[in-house]
Amino acid sequence: MKTGIAFLVAGYVLSQFYRAFLAVLTPVLGAEIGAGPEALARASGLWFLAFALMQIPVGAALDRIGPRRTASVLLAIGGAGGATIFALAEGPLAVQAAMVLIGIGCSPVLMASYVIFARMFRPAVFGTLAGAMIGAGSLGNILGAAPLAWTVEAVGWRETLFGLAGVTLVVALALYRFVQDPPPVVLTGEETKATLLDLLKVPGLWAILPLMAVSYAPAAALRGLWSGPYAERVFGADVTVIGTVTLAMGLAMVAGNFAYGPLDRVFGTRKWVVFWGNTLAATCLAGLWLFPASGLGTATALLAGVAIFGSSFPMIMAHARGFFPAQLVGRGVTFLNMFGIGGAGIMQFASGRVYNAAAAGAATPEAPFALLFLFFLVPLILGLALYLFSRDAPH
């Protein structure tokens, strides 16, 4: 089992890498195949939307056929196949098609591990294990920053993508070989008839869903794409400096995920850990909105603040997971994941239009980015307001 979990972590490293690597590739893709920021924002958004739309069938597959086959087959076909198409891309449409496939391929990996944690470990440690999984997997954020920039400069972006396709295929094969499915849940009576619709009847869930839909979007969008153009156009950063900025965000996301994990047991609450953490993320976004040109160091610190405080995804998942019955764990966690990733995808998709509309009449380079930060800030504040009506889940 330990070997299987280790390869699930490796698969999630790839998932984090693929959702974040476009920020570093922005200059070279724009120069070589005409894929500018709006086209790449669409490609990034399509990754998230494909990932989100897969959560319903993935949830059913995790409950019915198990994590091993679900994760390995999709990662092999979608992940490795999409990376290969990306390596061969000659224009923005090919990049977007590749990102859709990669999103499909990455869609089951984290949820496969969550199903294993939920069914094979005590509920009290779910938040810690979930946070540790994301924290370890966030190595992909780091690899998709400065190390990716160095690799692209050394061997070229196409060669790098071909190499990633090979690595993805190897990890998928290892998942099929080493992951062990958890014991099936023994159901009786009405439990055998449980469906996804039963999740909508779970008390305490509705106030959590809005924050789940908007809390991950700012960190995902800024780390995954906009930090690159922001550093380049406002502060004149080159690929190496962009790699450093995104590395700072990646390290912050790793720290945030590990930090959030045990905090519910430290403070005896999941709700208020999530609330105050996201309030701090909103504060950092407000700083970027109000002072977008205050210096690269300040901007990097605020971006890192959004990343570390916005890494509440596993804690929100643990909060909601406390309301799920055993027979709906797979569909429950993927349902929540659909909201989290889907919200990030929709906002990333829309962010390109927001930026272009603001840039058309902007008096300064930082003006459209200020509007972009506000675009991510307002939904987060609304999500926090609705989250106040949630209740703490049992530990």
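**Helices and buried residues in a predicted model**

Student: Where is the place of S107?
Tutor: This is a predicted model in which local features need pLDDT of at least 70 and side-chain atom pairs count only at pLDDT 80 or more, while totals for chains, interfaces and linings use all residues. Residues are numbered from 1 along each chain as its sequence is written, and side-chain values use heavy atoms, with hydrogens and water left out. Helices (H or I, at least four residues) and strands (E, at least two) are DSSP runs numbered from the N terminus. S107 sits in the loop between α6 (92–106) and α7 (109–120).

Student: The backbone oxygen of which residue lies 2.7 Å from a polar atom of the side chain of S107?
Tutor: The atoms to look for are a polar atom of the S107 side chain and a backbone oxygen, 2.7 Å apart. The residue that supplies this backbone oxygen is I104.

Student: How far apart in space are A112 and G59, C-alpha to C-alpha?
Tutor: A112 belongs to helix α7 and is buried, with a relative accessible area of 0%. Its contacts, leaving aside neighbours within four places in sequence, are L8, L62, P67 and A71. A112 and G59 are 53 residues apart in sequence, and their C-alpha atoms are separated by 8.9 Å.

Student: And how far apart in space are A213 and I242, C-alpha to C-alpha?
Tutor: A213 is part of helix α13 (residues 209–215) and counts as buried at 16% relative accessibility. Not counting residues up to four places away in sequence, A213 touches F339, G340, G343 and A344. A213 and I242 are 29 residues apart in sequence, and their C-alpha atoms are separated by 28 Å.

Student: How far apart are the end C-alpha atoms of helix α14?
Tutor: The expected span of a helix is 1.5 Å times one less than its number of residues. For the 19 residues of α14 (217–235), a straight helix would reach 27 Å. The end C-alpha atoms of α14 fall short of that, at only 24 Å.

Student: At which residue does the kink in α14 lie?
Tutor: The bend at a residue is the angle between axes fitted to the seven residues ending there and the seven starting there. In α14 a kink of about 60° lies shortly before the proline P229, at W226.

Student: How many residues of α14 are buried?
Tutor: Helix α14 is largely enclosed by the rest of the structure. Just after this helix, G236 takes a positive phi of about 70°. The number of buried residues, out of the 19 in α14, is 16.

Student: What is the radius of gyration of the protein?
Tutor: The protein has 21 helices and zero strands. The radius is taken over C-alpha atoms, and the globule rule is 2.2 Å times the number of residues to the power 0.38. That rule gives 21 Å for 395 residues, and the protein is as compact as a globular protein of that length because its own value is close to this, at 20 Å.

Student: What percentage of the residues of the protein count as buried?
Tutor: The C-alpha atoms fill a box of roughly 65 × 45 × 30 Å, taken along the principal axes. Of the 395 residues, the buried share is 58%.

Technical notes: Buried < 20%, exposed > 50% of the residue type's maximum accessible area, 1.4 Å probe, protein only. Polar contact = N/O pair within 3.5 Å; in protein donor to acceptor, adjacent residues only side chain to side chain. Contact = heavy atoms within 4.5 Å.
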